[in-house]
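Please read them with the coordinates open beside you.

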Amino acid sequence: MSEARKDDTILDVKNLQTVFFTNSGLFRAVDDVSFNVRRGETLAIVGESGCGKSVTALSVMRLVPDPPGRVVGGTVTLEGTDLLSLDEAEMRKIRGNRMSMIFQEPMTSLNPVMRIGDQITEVLRLHQEMTSREAWAKAVEMLRLVRIPEPDRRAQEYPHQLSGGMRQRAMIAMALACRPALLIADEPTTALDVTIQAQILALIVDLQKTLGTGLILITHDLGVVAQTAQRVIVMYAGKKVEEAAVEDLFENPKHPYTRGLMASMPAVISFGAKTDARLNEIPGMVPSLTNLPPGCAFAPRCSLAIDRCRAEYPPLQEVDGDHFAACWRAAELVGAP
Amino acid sequence: MTDQRPLLEVTDLVKHYAVRGGVLRRRVGTVHAVDGVSFSVAKGETLGLVGESGCGKSTVARSVLRLVEPSSGAIKLNGTDITGLSKAEMRPHRRSMQIVFQDPFASLNPRMTAGDIVGEPLGVHGLATGRAQQERVAELFGQVGLRADQMKNYPHQFSGGQRQRICIARALALGPSLIVCDEPVSALDVSIQAQVINLLIDLQRKNDFSYLFIAHDLAVVAHISHRVAVMYLGRIVEIADKTELFANPRHPYTQALLASVPVADPKAKKLAPMIDGDVPSPINPPSGCAFHTRCRYVMDRCKVERPTLVKAGGQHEVACWLNDGTGRAENS
């Protein structure tokens, strides 16, 4: 890691471990995951349902429901502060202020009986010394910033009066109101139509550039990753299996799971491709976290698996400059899938 | 694809819902869910129907199966108009059309075993009972990639992808000629999505039935369809051969839709939204061309006169006033 990069780091997560205690036993939702986010950088976390991407985000926010979940290991450092050692009152001063989060379904995150303007005002007055008049003016300014037309009028409205895209814009306005160093967006556009998704993604990337916010974008959509991120983490069954700069990852994926994901995506422009051409599928399904195989969790679905994969978990190794993969055979994989 | 009489022919399909309000529940408005839609599906063909939420694509699907009663229009299956048929008269036709829904968690009875779910239509139509039914179900399980010993399991014991396979097996049970797929892979993870899409393609190759395939994911539709129709606010705005539509879209809405899909290639960054604003409400759809409120190339005529689908070369049809009603070539 170069010196410049170290100085710029706003979030540093090391060996994070989050477990859940359930009736069917203990499972490791996040198992030894490390990453960092720099100022103004977008880090994408990709994976399928149950891979631990959302729990990673909730662990960073200290929002994992306890019980049944608990962060049992590792460190989370935001702007030099060790978040895992803070008590709840101290955490509240950081959430919504130094870091905030937006979710997939804006309607469930907004208070249905409070005006949009009041909800943003609430955040501002909680974290900053402001009169209610100043806070309201700032709230309207935030709505203008996220390009909501007629922000003065919209601030007076309730969430149900806004469309899905507008609600997500209001959520972004609220999340960014205190100019946080870090924004976590968990599938922010999954519930939206594709034309609205394009609007919201462009907005997030644009604001992030203007404000210098670090962004963690959690998604299952490799298209969204390619269009927004600078660095990417691929997760599978609670573990980080690959990390690389976005161009590297798409040009030269090193983990068979990443390669499988890319190959199983139908491409929009399939000119000349025969309609009945088969997609490359990954056989089988994601294993249950309570019953993981001893070696690599992906081995049962992997066409390249050898005996060693089934016996020993491959450590995350640097396979190329700044490109990490947890696979015994990563070095043999060259080029796009 | 054959040039015989189409398997399914839909003409001027309209479905309006009343919006009621006030104490007397008087009609205060009308939702124009589907507003004059015509298309046909040939034997062995897949017609993809794409559009954003609220464009009416699911209502079209349900009307075709007469799960909702169309307000007007004609639906012909194998040459028979099924719009006016009574419940009893519909029954023999029900065998030839089946549906697979989006959510495999909501569309399977949790108290029935997977085998009973797939066998039920055989019993209802009196095609097979007892031992014969069991054998047929086992065969169907094999066709969709499930094991016969899984027949005694209940839906909750299956994963999302496997549940969708059960739904497909149930749809196949009666040997239909048309299967309507309403967002069949939207609830599934990417790696499982590919498995189900491949299964649907394989089954069509073997059985030669037609799909009416509804999805919001353009990549999925592009992959599985032969022809694609694009819907906006209850109307088809463009319909063409798959390759033609994606290579040479002529309606500004189709162009914006295609440009909005994030491309999985970091070197092709292009995050520039092509259209602003939201889809207008179908309760009071805009006059003229429904897209005129968001269209970059809007002309006066678009605001007053509703464009109809016209041929813009070959089998490519578009409803747009630009260039004398043939739409806009993308690189013009």
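1. Which residue of chain A forms a salt bridge with Lys267(B), and how far apart are the closest N and O atoms? In this predicted model, the partner of Lys267(B) is Glu251(A), and the closest N and O atoms of the pair are 3.3 Å apart. The count between chain B and chain A is one salt bridge, and a pair is counted as such when a side-chain nitrogen of Lys or Arg is within 4 Å of a carboxyl oxygen of Asp or Glu.

2. For the interface as a whole, 49 residues of chain A are in contact with 46 residues of chain B. The area buried between the two chains is about 4,000 Å², and carbon and sulfur atoms give 59% of that area. Across the interface, 14 residue pairs are found in polar contact, with both residues at pLDDT 80 or more.

3. On the side of chain B that touches chain A, at least two residues each are supplied by helix H6 (190–207), helix H7 (218–224), helix H8 (242–247) and helix H9 (252–260) of chain B. H6(B) gives the most to this side, with 10 residues. By residue class, the side of chain B that touches chain A divides into 22 nonpolar, 12 polar and 12 charged residues.

4. Within chain A, helix H5 (residues 116–127) packs with helix H6 (residues 132–145) at an angle of about 115°, and their axes are 8 Å apart; the crossing in which H5(A) passes H6(A) is right-handed. The residues that H5(A) brings to this contact include Ile116(A), Ile120(A), Leu124(A) and Arg125(A), while those from H6(A) include Ala135(A), Trp136(A), Lys138(A) and Leu143(A). The residues of the contact of H5(A) with H6(A) divide into seven nonpolar, three polar and three charged.

5. Arg179(A) lies in the loop between helix H8 (164–176) and strand E7 (182–186) of chain A.

How values were computed: Residues are numbered from 1 along each chain as its sequence is written. Chains are lettered from A and ligands numbered from 1 in the order in which they are written. This is a predicted model: local features need pLDDT of at least 70, side-chain atom pairs count only at pLDDT 80 or more; totals for chains, interfaces and linings use all residues. Side-chain values use heavy atoms; hydrogens and water are left out. Axes are lines fitted to C-alpha atoms, for helices over the stretch in contact, and angles run from 0 to 180 degrees between N-to-C directions. Helices (H or I, at least four residues) and strands (E, at least two) are DSSP runs, numbered from the N terminus. A crossing is left-handed if the near helix is turned anticlockwise from the far one by less than a right angle, and right-handed if clockwise. Contact means heavy atoms within 4.5 Å. Ala, Val, Leu, Ile, Met, Phe, Trp, Tyr, Cys and Pro count as nonpolar, Asp, Glu, Lys and Arg as charged, and the others, Gly among them, as polar. Buried area is the accessible area (1.4 Å probe) that two parts lose on being put together, summed over both. A polar contact is a pair of N or O atoms within 3.5 Å; within protein, one must be able to donate a hydrogen and the other to accept it, and residues adjacent in sequence count only if both atoms are side-chain atoms.
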